[in-house]
Amino acid sequence: MKIGEMRFGGLYVSEEGIANFSDMTLSMIEAVPTDPAESEDVTATLGEVSLVNPSPSLAAWLAGVFGQGEATDIPAPEDVQFDSFSLSNWLIEGVDGEDMMRLSIDSIAAEDASESKLGQFGLSGLDLSFADGDDAGTFTLGSIEITGANTEILEGLAKVEEDGPGEDLIGMMYGNPLD
């Protein structure tokens, strides 16, 4: 991954000795394939990614991803908490002979992510087009916004991927929507 600019604000060390930050902004991001043969087929870029007030475990994981320290495991879903996350100008394009795929997203934003709730989520400007042999298609979404989502449903979906269809997910879907 190549990052044009990385800015951190509010750097501090917690009482437990864990480094953290209050905000991070990455700009001009480009995926750089490790296999040179793939570099001609697919490009992936992001204009900007911003994160405000991440949980200590999320900040530690990011430090391992972008720093020279020891990488940590991806935090458990209940530990992925933040005040605000946004990304803009995401573009993925790929060509393989006559086959092609193009995905672009103008912006994704999420706010107030806590252990069990996501205050607000929005996606705008999604455009997808593809051609695969005789099949081709396009999908466009102007925007969507979700307010007050229960993140336990996302955890249930993750369990479905790991364990197959789960009773936990069905129970959550038919449970009280205010919980």
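**The largest pocket**

Guide: The largest pocket is lined by 23 residues, and V49, W61, L62, F66 and F85 are the ones nearest its centre. Two or more lining residues come from each of β4 (23-30), β5 (42-52), α1 (56-66) and β6 (82-96); these are DSSP runs numbered from the N terminus, helices being H or I of at least four residues and strands E of at least two. The model is predicted, with local features requiring pLDDT of at least 70 and side-chain atom pairs pLDDT 80 or more, while totals for chains, interfaces and linings use all residues. Residues are numbered from 1 along each chain as its sequence is written, and side-chain values use heavy atoms, without hydrogens or water.

The space in this pocket comes to about 500 Å³, filled by probe spheres set on grid points joined across faces, edges and corners. A pocket is an open set of points on a 1 Å grid over the protein atoms alone, where a 1.4 Å probe fits with protein on both sides within 12 Å along at least five of seven lines; lining residues have an atom within 4 Å of a point. The lining comprises 21 nonpolar residues, one polar and one charged.

Strand β4 also holds T25. T25 has a relative accessible area of 10% and is therefore buried (under 20%; exposed is over 50%, partly exposed in between, with a 1.4 Å probe and protein chains only). Beyond neighbours within four places in sequence, T25 contacts E5, M6, R7, E48, V49 and S50 (heavy atoms within 4.5 Å). V49, one of these partners, is also among the residues nearest the pocket centre.

Between α1 and β6 runs a loop that contains E78. E78 is partly exposed, because its relative accessibility is 32%. Its C-alpha atom lies 8.5 Å from that of T151, 73 residues apart along the chain.

Conventions: Nonpolar A, V, L, I, M, F, W, Y, C, P; charged D, E, K, R; others polar.
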